[in-house]
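Here's a quick briefing to read alongside the sequence and the model. Have both open as you go.

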Amino acid sequence: MPKNDGPSALLVVDVQNDFCTGGALAVPDGEGVVPVVNRLMDRFERVILTQDWHPSEHLSFASAHGDTRPFDTVSMPYGPQTAWPDHCVAGSSGAAFHRDLRTEKAQAVIRKGWRREIDSYSAFFENDRKTPTGLAGLLRELQVARVVLCGLATDFCVAYSALDARRLGLEATVVLDGCRAIDLEGSLAAATAEMGQNGVNLVQSADL
Ligand code: VGL
Ligand code: ZN
């Protein structure tokens, strides 16, 4: 397949064991993205992976907030934050990429959420919406004007990343069959609507 991708990059979000079946924050059929993502990788010269990468006792974990239960909302200095089960602890097997993901295709891996005090859904900015991960600078230097996103989860890390890409003036396309959603209290419908309103292209891999 020709690499007819112009100044674009494939951004593969958080295809990690903890988001797959049996993982600590399993997304329904999370591993279902792997064959789709692997096929997409052949079509891009530039492939960037992200990895959710938390210290133990990360403040996005319900366990760090007394009797808070997973999926409750906690208040953080930057605003409300969903409390998650402990997941993607840096260096753990849960934080590793799914074993069938073709990680060797990637030129860079962006790790996010590694500061104890701030969660990071987006691959570009942490949840305070200000602290950069470095991805914007990387793309700027590579002269990438268009990102194509896939991975986990559609309604959290993929959506936040796509919306930040638009905020940065990049063209953003989400490949929906290359994503799976958590869908917490309508979050998938809300994220899909917000992406549509902000000019994110929502496509199927067959349409690319
Ligand atoms: C994610 C919740 C917590 C994601 C990461 O990758 O969508 N969701 N951490
Ligand atoms: Zn996380």
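Predicted model: local features only at pLDDT ≥ 70, side-chain atom pairs only at ≥ 80, totals over all residues.

A153 sits in the loop between strand 6 (146-152) and helix 3 (154-167); helices (H or I, at least four residues) and strands (E, at least two) are DSSP runs, numbered from the N terminus.

Residues are numbered from 1 along each chain as its sequence is written, chains are lettered from A and ligands numbered from 1 in the order in which they are written, and side-chain values use heavy atoms, leaving out hydrogens and water.

**Zinc site**
- D52 (OD), H54 (NE2) and H87 (NE2) coordinate the zinc ion (ligand 2) at 2.0 to 2.2 Å; donors are N, O and S atoms within 2.8 Å of the metal (3.2 Å for Na, K and Ca), and with water not among the atoms, sites may look incomplete.
- Along the chain, the donors of the zinc ion (ligand 2) are spaced D-x1-H-x32-H.
- Both D52 and H54 are buried (under 20% relative accessible area; exposed is over 50%, partly exposed in between, with a 1.4 Å probe and protein chains only).

- C88 isn't a glycine, yet has a positive phi of about 45 degrees.
- You'll find C88 in the loop between strand 4 (79-82) and strand 5 (108-112), buried at a relative accessible area of 0%.
- R129, also not a glycine, has a positive phi of about 70 degrees.
- R129 belongs to the loop between strand 5 and helix 2 (135-141), and is partly exposed at 30% relative accessibility.
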